[in-house]
Amino acid sequence: MNQRTTSSSWANGIVQALTLGGVDCHALFDELGLDYQALQDADARFPQDAMTQLWQRAVALTGNAAIGLNLARVMRPGAMHVVGYALMSSATLKESFQRLVRYQRIIAEGADVSFEPDGGGYRLTLAIHGDRLPAARQSAEGSLASTLAFCRWLTDRPLIPLEASFEGPTPEDVEPYQALFQCPLQFSAPRHSLLFRHADLTVPLPTANPELANLHDRFAGQYLARFTDSRITHRTRQLLCRLLPEGEPRRDAVAQLLHLSERTLQRRLHEEGTSFQQLLDDTRRTLAEQYLAQPELALLEIGYLLGFADPSNFFRAFRRWHSMTPGEYRAERLAMGSELVPRDASHRH
C-alpha cells in the first residue's frame, strides 16, 4: 500500500523545531522505529504518519501544544529541498507562491497549497491531509508559521499578513500565535490560511535571479517527474488529460489502458487518497484554469476540450468550482492584470 511521504529536508526542520522545544529526537526516532541518519540523505523520505506520531509524542512529552510554531525559528531555504531555492530566486513573493503551489509535493505529499485572489489581497491556503492517522494540528500551524518567517527573510521586511486562520479551536494561550503572526487571528476557521496584501506580494525580492529560477525549476521538475512516475494517480491523470478532448473518459476504459482491473484501479487510487471521479473533476478544474488563461480559446471550445458534451454542464461544473462563470473568471483575472496560476494537472496530488 502506498503511503504519503515527507522529504528528509522537511523532516529535519521538524526535528530542529522539536529540539528547540526540549525534545530528545534521537530517542523519539528510536521509539518510532525511524532512521535518524536518513535525515542527512537529501533523497530520503519519511512516512507522513511517522511525522504525525513525532508531533503527537512531542506534545505529550512537553505539554506544549504550540510547539509547531518553532518551525518559524529554523526556517531556511534548504528545509524545503530544491523548492526553497526556487522560491528564493523568484522575482516577487507572488511568483514565489506560484512555485510553491507547483512544487509542494516535493516537500510533503500530505499538504495541498493554493494561492488565489481574495478581496483586495491574495490568500495562501494550506490543506493538510492525514494518511492512516489524522494530520497533527502542529503540522499545519508550523507550516503557516514557517511560511511567514521565510517570506520575512526573503523580503527583508517585517511582513504582516492581513489575517491568519487556523482550523483548530482557540488555544488556551494565544500569545505565542499573536507574537509570531502579529495580525488578526481566526481559529475554528474553515481552512488554514494567510491573507496577504497585494502590494506586499509584488515588491521585487532582493534574492531574485531569473537564471537561477529557471535552473531550479528544471531541477524541481525533474525530481517531481521521478517521484510521481510510479504513482497511479499521476498515470491516471496523464491518461485523463489525453482522453478528455474525445469526451468524458469511462473508468473501465482508463483501467484497461493502465492494464488494471477497474476494481484494482479504484483500490490503488483510494490508497493514494483519491478516487476516479475526484481525479476527473480535479483534472478538469485544473485544465479549465489553464485553458482560460489562453484568450484565443473560446469558452465553447474549452468545454469540449474538457470532455463536456453539453456546454451547460461545463458552466455548471465551473460554477461549483469557483462560484462564477468561466467568462467571469477570465474577465476578473484580466481586470486584475494578474497572471493566471497554471496548476500543472500532473502535480496536484
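Tutor: The lining of the largest cavity has 24 nonpolar residues, eleven polar ones and no charged ones. Here Ala, Val, Leu, Ile, Met, Phe, Trp, Tyr, Cys and Pro count as nonpolar, Asp, Glu, Lys and Arg as charged, and the others, Gly among them, as polar. Keep in mind that this is a predicted model, where local features need pLDDT of at least 70 and side-chain atom pairs count only at pLDDT 80 or more, while totals for chains, interfaces and linings use all residues. Residues are numbered from 1 along each chain as its sequence is written, and side-chain values use heavy atoms, with hydrogens and water left out.

What is a cavity, then? On a 1 Å grid over the protein atoms alone, a cavity is a set of points where a 1.4 Å probe fits but cannot get out, and its lining residues have an atom within 4 Å of a point. Grid points are joined across faces, edges and corners, and the volume is the space filled by probe spheres set on the points. By this rule there are three cavities of 30 Å³ or more, and the largest cavity holds about 470 Å³ of space. It is lined by 35 residues, and Trp-10, Gln-104, Ala-111, Leu-126 and Ser-143 are the closest to its centre.

Now let's see where the lining comes from. Helices (H or I, at least four residues) and strands (E, at least two) are DSSP runs, numbered from the N terminus. Elements that each supply at least two lining residues are α1 (8-20), α3 (48-62), α6 (93-107), β3 (111-118), β4 (121-128) and α7 (137-155). Helix α7 provides the largest share of the lining, eight residues.

Strand β4 runs antiparallel to β7 (residues 192-197), joined to it by six bridges. Leu-126 sits opposite His-192 of β7, and Leu-124 has Leu-194 as its bridge partner in β7. Strand β5 (residues 163-165) also pairs with β7 in the antiparallel sense, over three bridges, and there Ala-164 is partnered with Leu-194. Five of the six residues of β7 are buried, meaning under 20% relative accessible area, whereas exposed is over 50% and partly exposed lies in between (1.4 Å probe, protein chains only).

Leu-194 leads us on to Phe-181. Leaving aside neighbours within four places in sequence, Phe-181 is in contact (heavy atoms within 4.5 Å) with residues including Leu-194, Ala-164, Leu-144 and Leu-148. Phe-181 and Leu-18 have the most contacts inside the largest nonpolar core, which has 71 residues. Such a core is a set of buried Ala, Val, Leu, Ile, Met, Phe, Trp, Tyr and Cys residues joined through side-chain atoms within 4.5 Å. Helix α7 gives the most to this core, with eight residues. Apart from it lies another core of 28 residues, among them Leu-239, Leu-240, Leu-280 and Leu-292. In soluble globular proteins, nonpolar side chains tend to be buried together.

Notes
On a 1 Å grid over the protein atoms alone, a cavity is a set of points where a 1.4 Å probe fits but cannot get out, and a pocket is an open set with protein on both sides within 12 Å along at least five of seven lines; lining residues have an atom within 4 Å of a point. Two strands pair if DSSP finds at least two bridges between them.
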